[in-house]
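Visitor: I am new to this structure and would like a close look at a single part, the surroundings of the ligand. Please take me through them with care.

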Amino acid sequence: MNLQHIAIENFRNHSSTSIDCSPGVNLFLGNNGEGKTNILEGISYFCLAKSFYETSDLIVTKIGESGFSAKGTILSDGGVGYEIKISFDRISNQKTITVNNSKIDKASILIGWFPAVILSPEQSAITFGSPTDRRKFIDFVLCQSSRKYLENLIDYRRVLKQRNKILVDMQTLRSNNKDAIEPWNENLVKIGSIIIKKRKEFIEDFHETIVDAYTKISGLYEQPRIIYSPSVESAENKEEIVEELFLKALNSQYLEEQRLGYTIVGPHRDEFIFRINDLDVKNFASQGQHKTFLVALKLAEFFYLKSQCNETPVLLLDDVLSELDKNRCNKLIEAAAGTGQVFITSTNDHALDGLSDVTSNLRKFYVKEGRIERFEDTAKIN
Ligand SMILES: Nc1ncnc2c1ncn2[C@@H]1O[C@H](COP(=O)(O)OP(=O)(O)OP(=O)(O)O)[C@@H](O)[C@H]1O
Ligand SMILES: [Mg+2]
């Protein structure tokens, strides 16, 4: 896809910012706090219906204003034009999404339609952080690439919440109401097993993509691997078999769950282990290897989504071109810019110097106090 135009209003520190994008690389430059990241956040709104930060629509609304809007004009790979508009009204606390002026009921409909890959400093949690951070990453890729998976995940979270509520009630009332929990067990097992099966298939499919990406980024002969360690282990990836084992595990943990007041078995407890040459990244990798793994994951995500969604994602790189990451990120930018569009923030005007393939299609935007002061196209000089 090609993001042709961005318009954000009363969005963070931007009153009204309008941007004609380059089909290649768009570099947002300026001092700290001028509003560069806010532009990428605006893009994430119309691609994902929300911020890539875990923040609320209320916080995103420019202080003192009654709501915001973020609008993107997009040309799909298939040549179809879309105008997506997200508006938020703080009085009614309502978010409205329109695609080509038609209202969309559920924000989830947007997910996967206009895929985006995001790399920002917070994302280092994917390799350094907890199992939750890794699950979030895998779910983010899967949700954008499969509507069915997204729906299953939403359902699973709803059932889990209900089941946990019953467990909490049992804990506070010191009751043992097995009849109340049984229908929720059935739902949890049914939907949970579909999620486990899909995650297993995904990790197998993704393997080659991550190996290719890792080689491109590091140029080294190191073997990256992602190992899926589900909370319900099964030798065979068949739904009925997973269901049976899942139910068995739930039954055996029932007393413990009752004591704790929450569900301890199921895909919400799955772990994904990242390895380089059979050593866990989390425990053994060097700082550089962590970074290589993360950037390779992002490149793999880019190509995986491109093939699964039949749409080239946009790549959003926030503040990642520091000296340490520059070499790896340059490889990511070159690979993505070869087929798609990239949006980068930096405080350094020379951040992309030396990337001759990229500068042929580079537009630099100078951001100051929540507006674009000027822009310039950097033509390739032969
Ligand atoms: N809801 C809001 N209303 C008004 N201003 C806001 C709002 N939220 C954040 N800001 C302002 O936006 C600015 C931060 O913008 P942003 O994060 O895009 O900066 P940046 O250019 O990416 O800076 P850095 O280089 O430090 O990352 C801050 O000055 C902050 O006060
Ligand atoms: Mg920033």
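Guide: What follows is a walk around ligand 1 and its shell. This is a predicted model, in which local features need pLDDT of at least 70, side-chain atom pairs count only at pLDDT 80 or more, and totals for chains, interfaces and linings use all residues. Residues are numbered from 1 along each chain as its sequence is written, chains are lettered from A and ligands numbered from 1 in the order in which they are written, and side-chain values use heavy atoms, with hydrogens and water left out.

Ligand 1 is surrounded by 16 residues (a residue is near a molecule if one of its heavy atoms lies within 4 Å of it), and the closest are G33, K36, T37, N38 and I59. By type, the shell around ligand 1 holds three nonpolar, nine polar and four charged residues (Ala, Val, Leu, Ile, Met, Phe, Trp, Tyr, Cys and Pro count as nonpolar, Asp, Glu, Lys and Arg as charged, and the others, Gly among them, as polar).

Turning to the backbone, a N or O atom of N38 lies 2.8 Å from an oxygen atom of ligand 1, while a backbone N or O atom of E34 lies 3.2 Å from an oxygen atom of the ligand. At T61, a polar backbone atom is 2.9 Å from a nitrogen atom of ligand 1. On its own, ligand 1 has 660 Å² of accessible area, of which the protein covers 69% (areas come from the Shrake-Rupley method with a 1.4 Å probe).

As for the elements, α1 (36-48) and α2 (57-60) are those that give two or more residues to the shell around ligand 1, and α1 gives the most, with three residues (helices are DSSP runs of H or I, at least four residues, numbered from the N terminus).

How values were computed
Polar contact = N/O pair within 3.5 Å; in protein donor to acceptor, adjacent residues only side chain to side chain.
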